[in-house]
Amino acid sequence: MMAKGRPMELNLRLGAYITKNLAQRRKRFPLVTILEPLEACNLSCPGCGRIREYKNIWDERLSVEESVGAVEESGAPVVSIAGGEPLLHKQIDQIVAELVKRKYFVYLCTNGLLLKQSLKKFKPSKYLAFVVHLDGLEENHDRSVGRSGVFKIAFSALEAALRAGFRVTTNTTIYKGSDVEDLHRLFHLLTDRGVEGLMVSPGYAYEMASEHDRFLERQESIRVFRQIIDPLKKFRFYNNPLYLEFLRGEREYGCSAWGTPTYTPLGWRKPCYILADEHVQSIEELFEDELWARFGPRKDPRCANCMMHSGFEPASVFQAFRHPRELMAMMRGIKRPKGDGHPSDAPVGSGAQRQD
Ligand code: SF4
């Protein structure tokens, strides 16, 4: 099936929003609101810190009003609904409907277990995409989430969503020992089915995750991503090309995690989607100079190996909008390797520019 691309309106709206905020000389502002309307999940993946961190509030839910209020407080045109498993929230359809009505671009992240039976609660829209989490083909994915049978259910739901006319993307977390061949077969399969795009991100070694040795150190991440993000294979990655080049060790960025503020039943996570030293009730606390003097690579030891999209993908976008050459590079797409074309030939860090 031929996949449709990301809606043009999304690119235009995001471009206009960023330009307006820069013209107003806002030093920090959000690009994507991450909304976690609950933290309970129907899986207990070994790599997930959330369900352990929030085990005391599994029964808490954000109301529809609280969810919309947080998104409006942030003002970012894109909303990623995560958790927990959002489809466990009894009013998730109302939350989505209210956000779609207000023309936010909503990405509903799901492990896929409840997706097929939930489809009737939603209407296909250019403002709504499902993001199905798949860490590999059947054997590898089921091992990654710690339960057999999950891949089959999630993949079948993904196909049902596509048949019903929904926009569908996928999200793949890369861990130590991720099987590159298996991932490439998965990406071919998903592309063949017609998903809109493939998102990739390194796993983060959450203090609360149950298996710490699954996570990649920064240089290992770069080596693995050079194999996974192979420009010659022409996969339709959903992450922006500059962030993909960052994952391949060809660019450096400082952290801009204020670009992805995360709202939970306890409030805004501070400082970021990954770390929550505290929860605060005003989003403005996430934009303060004092906070970002303390967080990011080389500032806090917990940031040392972080290459998460929540911190570095916004950095690549902000950088692009401040430097026309970077913007052209972002529009051009991920660059093809020189020489004999094998992407892992270049030394780690070659050509990398530090861009805070
Ligand atoms: S580097 Fe990573 S962990 Fe540290 S503040 Fe940024 S996003 Fe959070």
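Q: Which is Lys 234, buried or exposed?
A: The relative accessible area of Lys 234 is 65%. Over 50% is exposed, under 20% is buried, and in between is partly exposed (1.4 Å probe, protein chains only). So Lys 234 counts as exposed.

Q: What kind of model is this?
A: Residues are numbered from 1 along each chain as its sequence is written, and side-chain values use heavy atoms, without hydrogens and water. Local features need pLDDT of at least 70, side-chain atom pairs count only at pLDDT 80 or more, and totals for chains, interfaces and linings use all residues, for the model is predicted.

Q: What is the phi of Lys 234?
A: Most residues other than glycine have a negative phi. Lys 234 is not a glycine, yet its phi is positive. Lys 234 sits in the loop between α9 (218-228) and α10 (241-247). The phi of Lys 234 is about 55°.

Q: Where does Arg 298 lie?
A: Arg 298 is another residue that is not glycine but has a positive phi, near 70°. Arg 298 counts as exposed, at 65% relative accessibility. Look for Arg 298 in the loop between α11 (289-292) and α12.

Q: Which side chain does the side chain of Glu 326 contact?
A: Glu 326 belongs to helix α13 (residues 324-332); helices (H or I, at least four residues) and strands (E, at least two) are DSSP runs, numbered from the N terminus. Glu 326 is buried, at 7% relative accessibility. A polar contact is a pair of N or O atoms within 3.5 Å; within protein, one must be able to donate a hydrogen and the other to accept it, and residues adjacent in sequence count only if both atoms are side-chain atoms. At 2.6 Å, the polar contact of the Glu 326 side chain is with the side chain of Arg 251.

Q: What is the omega between Gly 83 and Gly 84?
A: Most peptide bonds are trans. The bond from Gly 83 to Gly 84 is cis. Gly 84 is in the loop between β2 (78-81) and α4 (92-101). Omega for this bond is near 15°.

Q: Which residue does a cis bond join to Lys 270?
A: Omega of this cis bond is about 15°.

Q: How many charged residues are in the shell around the ligand?
A: The residues around the ligand (a heavy atom within 4 Å) include Cys 255, Trp 292 and Gly 311. Ala, Val, Leu, Ile, Met, Phe, Trp, Tyr, Cys and Pro count as nonpolar, Asp, Glu, Lys and Arg as charged, and the others, Gly among them, as polar. The shell has 10 nonpolar residues and 1 polar residue. Its number of charged residues is none.
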